[in-house]
Amino acid sequence: MRLEELANDPVFVAHEGGKVAMVATKALHTREDLALLYTPGVARVSAAIATDPDLADRYTARRNTVAVISDGTAVLGLGDIGPLAAMPVMEGKAVLFKHFAGIDAVALCIETGSVDEIVETIARLAPSFGGINLEDISAPRCFEIEERLVRRLPIPVFHDDQHGTAIVVLAGLLNAARVLHKDLTHMRIVVSGAGAAGVAVTKLLLDVGVKDLVVLDSRGILGPGRPDLSGQKKMLAARTNPRHVAGGVTEALRGAEVFVGVSGGTLSEEALAGMTPNGVIFALANPTPEVDPALAQQYAAIVATGRSDFPNQINNVLAFPGIFRGALDAGARVITREMKIAAAHAIADLVVKPTAAEIVPSVFDDRVAPAVAAAVRSALPGAARVG
C-alpha cells in the first residue's frame, strides 16, 4: 500500500506512533523532587539494594514489569517476519497486560540466533524484570529456550503461545464437557498440530487425566511407529495414541468426540463426518479456522474458534494477564502445572451455566484476570510465597 493509503486506513491510524509510552509515577517539579528521585537521594536506594537485593521489588518498578520478548520467527499467522515487524504485536501485548492486569510490559524484539544466543540475551536482560513473557518464537526452539530460562532465572518465564493457549483450551473443554454431560477425562480427543500450542495443549490435557489423545503433525498421527520423530514429538508419541491409530486426520477423527485444531490447514468434510455426533470442534487457526464455523456446526454440538467475530473465542488474553498478576503478586519463581490447571478452572467457573454458545467468558469480563490471579496465588506452594 502507498503511504497516503496507509494514512487513511483505520488500522494504521490506530498504530501511528506506537501503542505504548513510558509514564513517570512520581512528580518532578522542584529541586527537592529532583534530589529525591535522582541524585543524591537515589544513591541511598541503590546502596540499600546492593546490600539486600530483595529491596528492588519494593523500591523499583521491577516487580510489576514484564518483558514481552520475541525474535519474530513465528508471528501470529504471518510466520518468520523478523523482529521489527513483530513490534506491533508485542506492543499490542503490552497494552493487554496494562489494561487487563495493571502490569507494565516492555516490548523487546531481538535478532534471532542460536538457542544459546537467545537464552544468554534474555538472561542478561532479566534483572530489569519481574517476569518474562516469551512470544512468537518458532518451534521446536521455543521449547528449549523456555526450559533453559526456567531453570536459570529466579522469575516466572511463560511462553504464551504454549501455555496461554493450553490453559484457555482446557477451560473451554471443561465447560464443553459440562454442557454435554460428559467426563472430559474419558472423551476421545484429537489435537491437530504438534508445534508450540499443540504440544502444550496435549501435555495439559494429559496432566488433568485425559486418557485417549491422538496428536497429528503435518505428516500424520504421532505414534511409536513413526521413525522420524524427535524431541517433543517423540515424547508425545510415547504418551498418547493408546489405541495405536495410524494414518492421517481422517483416521484420527473416526469416533473422536473432540477436535482441537492449532495447526492451520483445512479439515475435509469427509474427516468431520467420522466424528461422533454432538461432539466438540475447536478450530483455532487464525485468521482462517481449520473448519468454517457454519460447516463445523453441522457436525458438532459445540464450536469454538480463535476469532472475535464468532461465539466461544479461545483467546489467550483470558489467561496471561491473570497468570502474571498472580505470579508477580505472590513472588513466584516459576509458573507450575498446578497454577495452569487452577487458572483454567477459574476461567471455566466464571461461566456459571455454560451453553453451547458460551463455554468461556468474554475477554472483556472484568472478573477474569482477578479470578485467574487468585487461583494462581492459591496454587502456589506456601514455601514459595513472598513474606
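Asn312 lies in the loop between strand E10 (300–305) and helix H15 (320–330). Its phi is near 60 degrees, a positive value in a residue other than glycine. Asn312 is buried, with a relative accessible area of 6%. The model is predicted.

**Backbone features**

- Asn278 also has a phi near 60 degrees, again positive in a residue other than glycine.
- Asn278 sits in the loop between helix H13 (269–273) and strand E9.
- Is Asn278 buried or exposed? Asn278 is exposed, at 52% relative accessible area; the cut-off for that class is over 50%.
- A cis peptide bond links Thr39 to Pro40, with omega at about 10 degrees.
- Pro40 belongs to the loop between helix H3 (31–37) and helix H4 (41–51).
- Another cis peptide bond runs from Asn286 to Pro287, where omega is near 5 degrees.
- Pro287 is placed in the loop between strand E9 (279–283) and helix H14 (293–299).

**Overall fold**

- The protein has 17 helices and ten strands.
- The radius of gyration is 22 Å, close to the 21 Å that the globule rule gives for 387 residues, so the protein is as compact as a globular protein of that length.
- Along the principal axes, the C-alpha atoms fill a box of roughly 75 × 60 × 45 Å.
- Of the 387 residues, 49% are buried.
- Among contacts with a separation of 6 or more, 64% join residues 24 or more positions apart.

**Surface and charge**

- Glu91 is found in helix H6 (residues 83–101).
- Glu91 is buried yet has no salt bridge.
- Which side chain of opposite charge is nearest to Glu91? Lys19 is, 4.3 Å away.
- Leaving aside neighbours within four places in sequence, Glu91 is in contact with Gly18, Lys19, Val20 and Ala107.

**Salt bridges**

- Side chains of opposite charge can pair when their charged atoms come close.
- How many salt bridges are found in the whole structure? The search finds 22.
- One of them pairs Glu135 with Lys93, with the closest N and O atoms 2.4 Å apart.
- Glu135 lies in the loop between strand E3 (131–134) and helix H8 (141–152), and Lys93 in helix H6, so the pair ties together parts that are 42 residues apart in sequence.
- Glu135 and Lys93 are both buried.
- Arg226 forms a salt bridge with Asp228, where the closest N and O atoms are 2.8 Å apart.
- Arg226 is buried, with a relative accessible area of 17%. Asp228 counts as partly exposed, at 36%.
- Arg337 and Glu338 meet through their side chains in a salt bridge of 3.4 Å, N to O.
- Arg337 is partly exposed, with a relative accessible area of 43%. Glu338 is partly exposed too, at 42%.
- Salt bridges that share partners join Asp217, Arg219, Arg226, Asp228 and Lys233 into one network.

Notes:
Residues numbered from 1 in each chain as written. Predicted model: local features only at pLDDT ≥ 70, side-chain atom pairs only at ≥ 80, totals over all residues. Heavy atoms only, no water. Helix = DSSP H or I, 4+ residues; strand = E, 2+ residues; numbered from the N terminus. Rg over C-alpha atoms; globule rule 2.2 N^0.38 Å. Buried < 20%, exposed > 50% of the residue type's maximum accessible area, 1.4 Å probe, protein only. Contact = heavy atoms within 4.5 Å. Lys, Arg positive; Asp, Glu negative; His and termini not counted. Salt bridge = Lys/Arg side-chain N within 4 Å of Asp/Glu carboxyl O.
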